[in-house]
Amino acid sequence: MSDRSIEKPRISVPPQEATVSEDGASKASPRRPRKTPARPAQPKAARKPSGARNRQAELKQRQAVIATALEMSRRALSPGRSGNVSCRWPGGMLITPSGMAYDVLEPADIVFVADDGSVAPNSRKPSSEWQFHLSAYHARPDRHAIVHTHSTYATVLACAHKRIPAFHYMVAIAGGADIPLVPYATFGTTKLAEHVAAGLAERDACLMANHGQIAIGETLASALELASEVEVLAEQYCKVLTLGKPKLLSAREMKIVLERFKGYGQHAQKDA
Ligand SMILES: [Zn+2]
């Protein structure tokens with residue numbers, strides 16, 4: 001598999017679709033009456049066994065993780081080699097490896113980490129931040145993809161220990177009246193994983209003190225979109241702060257906004 005073929009963003013493949021296809025593999029082989037006996041060898045060869053279909057679905061998902069990581073870089077959300085991407089996969093998750101540039105990644109470099117944190121012996125080393133990815137999936141069974149970045153403005157706020165309050169109604173995109181900040185803990189630790197799980201319990205994104213931001217979504221595409229939105233909001237908020245004390249929207253107004261977000265769906269929100 002050449003990396004050229006995966007440079008085209010293919011981030012619209014939701015992990016849950018892959019799950020369905022894996023779970024439904026046996027259903028995809030209905031017993032149809034054979035109208036013609038035909039040539040015995042060919043019908044069997046034409047039909048892929050379910051194991052091969054599962055491998056194909058997993059390959060597609062690994063490619064989608066790489067495409068998302070590349071797109072994250074293209075959007076300048078991950079200075080240096082910071083940031084990592086994962087998606088849920090039956091029995092665990094698929095995550096970018098530790099310390100590799102995204103533009104050289106091949107599907108086999110993406111690491112499967114099981115729900116218990118174990119990794120197959122012949123795999124790459126997973127991102128050092130795999131623990132908080134796993135804890136986020138445990139905390140949010142309704143979300144299936146994660147984008148974590150050290151994007152500049154989100155990180156500036158996180159280093160100043162500032163959350164993003166309701167200075168603009170679009171903070172509701174993360175599912176609440178603010179984008180919270182979780183306390184600092186050393187990267188790669190269980191403590192940080194606990195903080196992230198708590199921060200994402202009622203939001204789809206949060207800032208991580210002295211570190212960066214994390215966004216979750218139903219799909220890789222929606223997690224990446226949210227990470228981009230958080231960075232835009234962080235930049236706007238940083239700039240507003242230079243003009244003095246921002247005028248925040250009231251809790252009552254944000255309640256109305258959140259109701260409207262529910263009613264209009266994600267893509268209509270900006271025009272709401
Ligand atoms: Zn990080």
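Guide: Helices and strands here are DSSP runs, numbered from the N terminus, a helix having at least four residues and a strand at least two. The model is predicted.

Visitor: With that naming, where is the place of G176?

Guide: G176 sits in the loop between α5 and β5.

Visitor: Is G176 buried, exposed or partly exposed?

Guide: A residue counts as buried if 20 or more other C-beta atoms lie within 10 Å of its own, and as exposed if 12 or fewer do. G176 has 17 other C-beta atoms within 10 Å, so G176 is partly exposed.

Visitor: Which residues does G176 touch, not counting those up to four places away in sequence?

Guide: With those sequence neighbours left out, G176 touches E202 and R203.

Visitor: Turning to helix α5, which of its residues are buried?

Guide: In α5, residues 152-159, the buried ones are A154, T155, L157 and A158. Viewed down the helix axis, these buried residues fall within an arc of 160 degrees, so they line one face of α5.

Visitor: What do the buried residues of α5 pack against?

Guide: They pack against the strands β5 (181-182), β6 (205-208) and β7 (212-217), and against helix α7 (220-242). Just after α5, H161 takes a positive phi of about 55 degrees.

Visitor: How are two packed helices described?

Guide: By the angle between their axes and the distance between the axes. For α5 and α7, the axes come within 7 Å and cross at roughly 60 degrees. The two helices are therefore oblique to each other. The crossing is left-handed.

Visitor: Which residues make the contact of α5 with α7?

Guide: On α5 they are Y153, A154, V156 and L157; on α7 they are V230, E231, A234, E235, Y237 and C238. By class, this contact has eight nonpolar residues, no polar ones and two charged.

Visitor: At what angle do the axes of α4 and α6 cross?

Guide: The axes of α4 (residues 130-139) and α6 (residues 190-199) cross at roughly 35 degrees and come within 8 Å. This crossing is right-handed. Q131, F132, S135, A136, H138 and A139 of α4 meet T190, L192, A193, E194, V196 and A197 of α6.

Visitor: How do the residues of the contact of α4 with α6 divide?

Guide: Seven are nonpolar, four are polar and one is charged.

Technical notes
Residues are numbered from 1 along each chain as its sequence is written. This is a predicted model: local features need pLDDT of at least 70, side-chain atom pairs count only at pLDDT 80 or more; totals for chains, interfaces and linings use all residues. Axes are lines fitted to C-alpha atoms, for helices over the stretch in contact, and angles run from 0 to 180 degrees between N-to-C directions. A crossing is left-handed if the near helix is turned anticlockwise from the far one by less than a right angle, and right-handed if clockwise. Two residues are in contact if their C-beta atoms, placed from the backbone, lie within 7 Å. Ala, Val, Leu, Ile, Met, Phe, Trp, Tyr, Cys and Pro count as nonpolar, Asp, Glu, Lys and Arg as charged, and the others, Gly among them, as polar. The arc is that of the directions from the helix axis to the C-beta atoms. Angles under 35 degrees count as roughly parallel, over 145 as roughly antiparallel, 65 to 115 as roughly perpendicular and the rest as oblique.
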